[in-house]
Amino acid sequence: MRVWLLLLIITLGLGLMIGTLVRMDTGYVLLSWNNYTLETNIWVYIGLTLLAMIAMYALLRFSLLLLGSDWRFNEWRRQRRNQRARRQTTRGLLSLAQGQWRRAERLLTLSADDSDTPLINYLAAARAAYEQGKMEAADEWLKAASQSTKGAELAVGLTQAELLNSRGQKEQALAVLLRLRQKHPKHAYLLKLLVKTYLDLQDWVALHELLPLLRKATKIPADKIKELEENVHLQLLERAVRGHSQRPGQGVAELKRLYHDIPRQLRYSLPITRRYIELLIEQNEETLAEHELRNALKYVWHDELISLYGTLKGEDASRQLLFAEQQLQERPNDPQLLLILGRLALRLNDLDKAQEYLQTGLRIKGLPELHAEMGKVLLAEGNESRACEHFQLALR
């Protein structure tokens, strides 16, 4: 509003000034060329000259427009295309989020060339094409994405690996990820995709090699990392046995080596220790299992492990009983430990000691297993009626 008011004042001022000058003197202009002459006053001459200049300027701009060299017009057209591309990109991304794959692919690819972010357009278009089952088109858009933006190799490669994983082409996805890892060895998301692909391929050896880097380079929660580490080590232990099924001795040696190579905080976790002992038992190595579990119980204590220890038949039952009795000093009110002590004493035919341990356990907690073992002890002593009472209590 202020601009228009200023222009009005300037125009009125100029008109007043020109009107005053015309009133003072109209002037005289004579133009002559060959036999032609033009006579007029100076104000008409100035007006005609201005009109001629305006016409020549308009003609020049029109010529540049026809030749495509008018930078102002080109800039205007470029801005118009950019605005249209932004609108189409937004609609394309909305369609992608709403699962309208065909519309999303069309809008995103149409606007890609004029978009400020062609990489995003092509990557999203590749995903839309993939969702329609158009694998060749998806590859084409990925290639266009790679060519659209310098330094887009990582983003394109990650998207390609995700699509290949989704198609079930795990080996091809792994090849892409390994190629990317050569240039980006500590990229967090790349490592996550690599872990997922290795898990799908059940490549536990490769996962084992990757584990030390995961804690440092990724933000995977510590409990998830631990769960993954346990799973990897459990699978390697299983493979050690299955891989030497024809040569059990080598399998046991490999199993033992792998177990002792596991970091201590993982080695003495419940899942790994329990499965290791179970695998030794499956290989008919109960003596070794008893020895290994006795060592492990110094670091990890769990009802399942002590219960497993009570079932093992080591080469020296007295030693097993002595070890369990030593543990009782730290856990005098542990009914599970008292149950194992009762079993071991019964195995050594020390009925009095077995009965003592079992009665103590029953006073603390009436576990069915304690009643069952007490029944066995009483049966061995010839007290059938009381043995039946405990067997009945064990079945409740």
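Visitor: Which helix gives the most to the positive patch?

Guide: Helix 3 gives the most, with four residues, where a helix is a DSSP run of H or I of at least four residues, numbered from the N terminus. This is a predicted model, in which local features need pLDDT of at least 70 and side-chain atom pairs count only at pLDDT 80 or more, while totals for chains, interfaces and linings use all residues. Residues are numbered from 1 along each chain as its sequence is written, and side-chain values use heavy atoms, with hydrogens and water left out.

Visitor: Why is Arg103 called partly exposed?

Guide: Buried means under 20% relative accessible area and exposed means over 50%, with partly exposed in between. Arg103, which lies in helix 4, has a relative accessible area of 35%, and therefore it is partly exposed.

Visitor: How do you know that Arg78 forms a salt bridge with Glu75?

Guide: A salt bridge is a side-chain nitrogen of Lys or Arg within 4 Å of a carboxyl oxygen of Asp or Glu. The closest N and O atoms of Arg78 and Glu75 are 2.6 Å apart, and the pair meets that definition. Both residues lie in helix 3, three residues apart, which is about one turn of the helix.

Visitor: Why does the pair of Glu153 and Arg179 tie together parts that are apart in sequence?

Guide: The side chains of Glu153 and Arg179 meet in a salt bridge at 3.5 Å, N to O. Glu153 lies in helix 7 (residues 153–167) and Arg179 in helix 8 (residues 170–183), so the pair ties together parts that are 26 residues apart in sequence.

Visitor: What makes Asp200 and Lys196 a salt bridge, and where do they lie?

Guide: Their side chains meet at 3.2 Å, N to O, and both residues lie in helix 9 (residues 188–201), four residues apart. Asp200 counts as partly exposed because its relative accessibility is 38%, and Lys196 is partly exposed with a relative accessible area of 41%.

Technical notes:
Helix = DSSP H or I, 4+ residues; strand = E, 2+ residues; numbered from the N terminus. Buried < 20%, exposed > 50% of the residue type's maximum accessible area, 1.4 Å probe, protein only.
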